[in-house]
Amino acid sequence: MSVTLPSSTRTAGGVRRRRRGPGSGLAVLPLLLFTGLCFGLPFGAVLYGAVTRTDATTGGSSLTGEHVRRSLQGPYLDSLAGSVQLSGLTAVIGSLAGLFIAQAVVTSRRQWLRSATLTASGVLANFGGVPLAFAFIATAGISGVLTQLADLDSLGWNLYSFTGLSVVYLYFLTPLMVLTIVPALDGLRPQWREAAQNTGASTWQYWRMVGLPVLAPSLLGGFVLLFGSAFAAHATAAALVGGSVPLVTLKIADALSGNVLVGQENVALALSLDMILIAGLVMAVYLPLQRRSARWLR
Amino acid sequence: MVALTPTAPADPVTPLVPEKAPSAPLRRRADRPRVWRGFVLGLAGLYFLVPLAASFVFTVHTPGQGISFQAYTGILGAEGFTDSLLLSLGLAAATIALVLLLAVPALVAVRLGAPKLRPLVEVVCMLPLVVPPIALVTGMGTVLRWGPEHLSRTPLYQTFLAVQNESFPLVLVLAYTVMALPFVYRSLDAGLRAVDVPTLVEAARNCGANWPQVIGRVVLPNLRTSLAGAAFLTLALVLGEFTIAALLGFQPFAVWIVTVSGSQARMSVAVSILSLLITWALLLLLSRAGNGSRSVGSVPAAAPASSKES
């Protein structure tokens with residue numbers, strides 16, 4: 001009685017499951033209802049609004065590809081391309097920088113350095129949005145401290161530009177990569193490197209044939225996560241550059257707050273749909289990769 | 001350095017390596033990483049510390065006027081500060097309560113008695129990651145406009161008005177709950193994975209506990225760390241959220257900072273620094289609440305930056 005064998009646990013679980021089946025389903029119901037209402041409904045509204053046109057006189061609506069087509073033209077296409085470029089560039093740089101920092105911390109024997117870096121990364125990865133924008137305005141904006149001290153203006157520095165925005169984005173993307181990649185680097189057993197060295201491999205050979213293949217899913221997963229974060233970011237850009245850099249989130253916000261011609265709401269919906277498709281693609285790559293890399297996280 | 005790493009399982013190959021021959025090249029190899037490591041960490045330290053230091057200097061030093069802490073002392077008295085902060089804290093409390101009320105029963109039930117629903121619950125909780133906040137608010141704005149347009153003669157219209165109440169916009173709570181679901185799911189799922197819930201429940205039931213006792217005194221205490229993690233992530237998300245609140249026309253904390261920045265640049269930077277310090281303090285508290293140092297890395301790892309950058 002006191003010792004429960006695995007097989008008896010399973011039987012007991014089976015009995016309980018049969019007895020509590022309907023009740024357990026009920027506990028899931030509120031969650032499903034809530035997401036259906038508060039997530040499904042807006043999602044459906046975006047989808048519906050992006051592909052239909054409402055006739056002003058009759059009130060009837062008809063299918064149209066016009067909004068989506070317009071969202072892929074002119075300034076809207078530029079904003080999509082700008083967002084993809086900015087996210088891609090910052091994700092590449094952030095992934096590399098994060099990888100190097102994480103490797104430096106993991107190979108260090110100093111425990112305090114490791115825990116300090118991880119804590120700092122946890123905080124800084126969440127230090128996005130409006131406060132980050134203001135910290136950088138104070139640092140490298142027009143009258144920023146660093147701008148005055150180092151005379152950045154004469155070097156051609158402009159915070160309110162594509163380059164400036166990239167530097168700001170890296171501030172939360174790099175720590176995010178450190179957090180993502182440290183467990184994977186921990187998974188690289190020192191014994192593998194010893195084995196490689198003992199069989200005569202150089203450092204480069206070790207990385208090319210052992211290290212990087214093992215890290216690849218985590219690295220790619222981290223890159224995709226960074227891309228997604230940068231792509232969806234709006235607050236930092238809104239507080240920092242206003243409209244001087246074409247970004248899709250800024251265009252949508254403009255359209256929503258009525259800063260453009262009436263009747264653009266549907267284009268905003270179409271742009272949102274474009275964003276959802278790109279973000280969906282990103283997540284479709286990220287989630288399986290994360291599961292795959294979890295193999296090394298033991 | 002590398003060959004000296006203690007090996008957990010007895011490794012028959014290592015002792016065969018001659019001990020003296022590789023020591024010279026090994027030392028050289030160990031020196032190089034130290035220089036390289038110092039360079040990388042120094043550069044990273046500069047990049048991450050300079051903006052913080054410069055922001056602080058910016059708030060206390062005015063060129064030509066010297067040092068003053070006016071930007072900090074003036075915060076409490078600033079117009080709208082208390083209102084917006086209280087609104088944000090209220091929204092955060094409501095969001096945490098709602099998201100835990102929805103997620104905890106569902107996840108525990110999936111563990112205990114309805115494993116078939118598990119993939120469904122996972123997909124439902126992770127889907128909001130696919131929709132950027134700005135797309136979510138576009139959809140919500142559209143739905144909210146249906147109220148005056150189509151439903152003005154139905155009782156539903158009152159509901160639409162009620163959720164958009166200026167003093168406590170419930171619609172924001174609903175939006176934040178959706179946004180928090182993926183992070184809460186991950187935190188709770190990790191917590192549930194770490195304890196054997198069915199066995200615990202079985203043991204408690206065998207000891208004669210009723211269901212409220214099982215949940216309240218056995219299951220929830222075992223999930224303490226992940227519940228705290230979920231609550232912290234939600235709090236950070238709500239305090240920093242800008243996009244949805246700004247576009248729906250409400251003024252919680254993050255929107256207030258932007259509003260005040262036009263007239264009082266120094267104060268907006270000072271508030272930004274304070275919000276970083278508060279996040280840091282919360283994170284430290286959380287890692288204390290958790291068992292040991294593991295949670296320091298693992299809890300924020302579950303939170304992509306997008307949680308606050310929205």
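Thr139(A) lies in helix H5 (residues 129-140) of chain A, where helices are DSSP runs (H or I) of at least four residues, numbered from the N terminus. This is a predicted model, in which local features need pLDDT of at least 70 and side-chain atom pairs count only at pLDDT 80 or more, while totals for chains, interfaces and linings use all residues. Residues are numbered from 1 along each chain as its sequence is written, chains are lettered from A and ligands numbered from 1 in the order in which they are written, and side-chain values use heavy atoms, with hydrogens and water left out.

**Thr139(A)**

- Thr139(A) has a relative accessible area of 2% and is therefore buried (under 20%, 1.4 Å probe, protein chains only).
- Its side chain reaches the backbone oxygen of Pro51(B) at 3.2 Å.
- Beyond neighbours within four places in sequence, Thr139(A) has contacts (heavy atoms within 4.5 Å) that include Gly144(A) and Leu146(A) in chain A, and Val50(B), Pro51(B), Ala54(B) and Ser55(B) in chain B.

**Interface of chain B and chain A**

- In total, 96 residues of chain B are in contact with 95 residues of chain A.
- The two chains bury about 8,000 Å² between them, 75% of it on carbon and sulfur atoms; this is the accessible area (1.4 Å probe) lost on being put together, summed over both.
- By class, the side of chain B that touches chain A has 69 nonpolar, 19 polar and 8 charged residues; Gly counts as polar.

Key:
Helices (H or I, at least four residues) and strands (E, at least two) are DSSP runs, numbered from the N terminus. Buried means under 20% relative accessible area, exposed over 50%, partly exposed in between (1.4 Å probe, protein chains only). A polar contact is a pair of N or O atoms within 3.5 Å; within protein, one must be able to donate a hydrogen and the other to accept it, and residues adjacent in sequence count only if both atoms are side-chain atoms.
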